Amino acid sequence: MNLILLGPPGAGKGTQAEAITKTRGLVQLSTGDMLRQAVKAGTPVGIEAGAIMEAGGLVPDEVVIKIIAERITAPDCVNGFILDGFPRTLKQAAALDVLLGDQNKKLDAVIELKVDDAALVDRISGRYMCADCGASYHDTNCQPKVAGVCDRCGSTQFVRRADDNAETVRNRLMAYYRETAPLIGYYFAKGKLKTVDGMAPIADVTKQVEGILAGIASP
Ligand code: AP5
């Protein structure tokens with residue numbers, strides 16, 4: 001099963017992708033995570049992407065398309081993947097169509113997470129991650145079971161993303177509405193779009209997503 005999670009920054013794409021990978025054995029492909037790794041490693045891609053990401057803009061299409069083209073042909077993607085943060089422009093969506101066609105793969109669903117803008121700003125400004133395994137938490141909505149200890153790996157070190165600040169969030173939202181929101185119409189026209197209420201609590205959103213996946217016929 002090959003899926004796209006579509007939604008603005010902070011909509012819960014990463015949170016839901018993590019939940020589905022656990023239940024469905026799919027691979028999560030987050031272009032944001034891949035780019036952050038490249039920035040950390042100081043690769044040429046990371047050097048090009050770092051300043052753009054920190055300002056809340058979009059990394060050039062050619063760069064992310066190349067990353068995804070290489071990644072979806074990896075052996076671990078054979079049973080399916082969840083694209084989290086890709087495609088983000090109509091050009092990326094068209095390139096994905098070609099990539100999937102070349103590999104005789106199909107897109108099963110594009111799941112749009114619908115969330116109010118005010119809630120997005122709150123979610124992003126309250127988000128923090130485990131410094132060791134990357135598990136995502138929130139100051140009020142999603143705290144570790146034991147305060148200060150990561151549920152997943154037991155680490156006590158946490159970090160916040162450099163682009164999770166009020167000014168950058170506004171730029172990220174603008175980039176979303178200008179470049180990414182048109183993909184809702186693109187995938188609706190292709191009969192792939194499914195929309196869930198992303199304002200519901202995390203576990204309820206997961207139930208909505210699972211309901212959609214249960215309705216997708218196996219190949
Ligand atoms: P990326 O890492 O993809 O960031 P994003 O799209 O801005 O999305 P986020 O990771 O901020 O949010 P999310 O929807 O995953 O929400 P999450 O689950 O974490 O991209 C970063 C940058 O990289 C971009 O700005 C761009 O520069 C570049 N980039 C990446 N891909 C690119 C591409 N294809 N083309 C060009 N440039 C690209 O949840 C957020 C918080 O809310 C968490 O704390 C969580 O616990 C909480 N939460 C989640 N769900 C709920 C809920 N239902 N109720 C309450 N709280 C919730």
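Author: What follows is a chat about the sheet, a few helices and the ligand in this predicted model.

Reader: Okay, sheet first. In what order do the strands of the open sheet run?
Author: There are five strands, in the order E2-E3-E1-E4-E8, and their pairing is parallel.

Reader: And which strands are at the edges?
Author: Strand E2 (27-30) and strand E8 (193-197), each of which pairs on one side only.

Reader: How much twist is there from one strand to the next?
Author: The twist averages 25°.

Reader: What about E2 and E3, how many bridges do they share?
Author: E2 and strand E3 (residues 81-84) are paired in the parallel sense over four bridges. If you want a spot to look at, Val-27 is opposite Phe-81 in E3.

Reader: Which strands does helix H9 touch?
Author: Helix H9 (residues 202-214) packs on the sheet and touches strand E1 (2-6), strand E4 (109-114) and E8. The direction of H9 makes about 155° with that of E8.

Reader: Switching to helices. Which residues of H2 are buried?
Author: In helix H2 (residues 31-41), the buried ones are Thr-31, Gly-32, Met-34, Leu-35 and Ala-38. Those residues cover an arc of only 165° around the axis, so they sit on the same side of H2.

Reader: What comes after H2?
Author: Gly-42 follows H2, and its phi is positive, near 70°.

Reader: Can we zoom in on Thr-31? Why does it count as buried?
Author: Thr-31 has 3% relative accessibility, and buried means under 20%, so it counts as buried.

Reader: Which residues is Thr-31 in contact with, leaving aside its neighbours within four places in sequence?
Author: Thr-31 is in contact with Val-64, Ile-68, Asp-84, Gly-85, Phe-86 and Arg-88.

Reader: What about H6, which of its residues are buried?
Author: For helix H6 (residues 117-125), they are Ala-119, Leu-120, Arg-123 and Ile-124. Looking down the axis of H6, these buried residues fall within an arc of 130°, so they line one face of the helix. They pack against strand E5 (127-130), strand E6 (136-138) and helix H7 (166-180).

Reader: Now the ligand! How many residues surround it?
Author: The ligand is surrounded by 36 residues, and the closest are Thr-15, Gly-57, Arg-88, Arg-127 and Arg-172.

Reader: Which backbone atoms lie 3.0 Å or 2.9 Å from a ligand oxygen?
Author: A polar backbone atom of Gly-12 is 3.0 Å from an oxygen atom of the ligand. For Lys-13, a polar backbone atom is 2.9 Å from a ligand oxygen atom. There is also a nitrogen atom of the ligand that lies 3.1 Å from a backbone N or O atom of Val-59.

Reader: Where is Thr-15, then?
Author: Thr-15 is in helix H1 (residues 13-24). With a relative accessible area of 30%, Thr-15 is partly exposed.

Reader: Last one: how many residues apart in sequence are Thr-15 and Ser-136?
Author: Thr-15 and Ser-136 are 121 residues apart in sequence, and in space they are 7.3 Å apart, C-alpha to C-alpha.

Note on methods
Residues are numbered from 1 along each chain as its sequence is written. This is a predicted model: local features need pLDDT of at least 70, side-chain atom pairs count only at pLDDT 80 or more; totals for chains, interfaces and linings use all residues. Side-chain values use heavy atoms; hydrogens and water are left out. Buried means under 20% relative accessible area, exposed over 50%, partly exposed in between (1.4 Å probe, protein chains only). Helices (H or I, at least four residues) and strands (E, at least two) are DSSP runs, numbered from the N terminus. The arc is that of the directions from the helix axis to the C-beta atoms. Contact means heavy atoms within 4.5 Å. Two strands pair if DSSP finds at least two bridges between them. Axes are lines fitted to C-alpha atoms, for helices over the stretch in contact, and angles run from 0 to 180 degrees between N-to-C directions. A residue is near a molecule or strand if one of its heavy atoms lies within 4 Å of it. A polar contact is a pair of N or O atoms within 3.5 Å; within protein, one must be able to donate a hydrogen and the other to accept it, and residues adjacent in sequence count only if both atoms are side-chain atoms.
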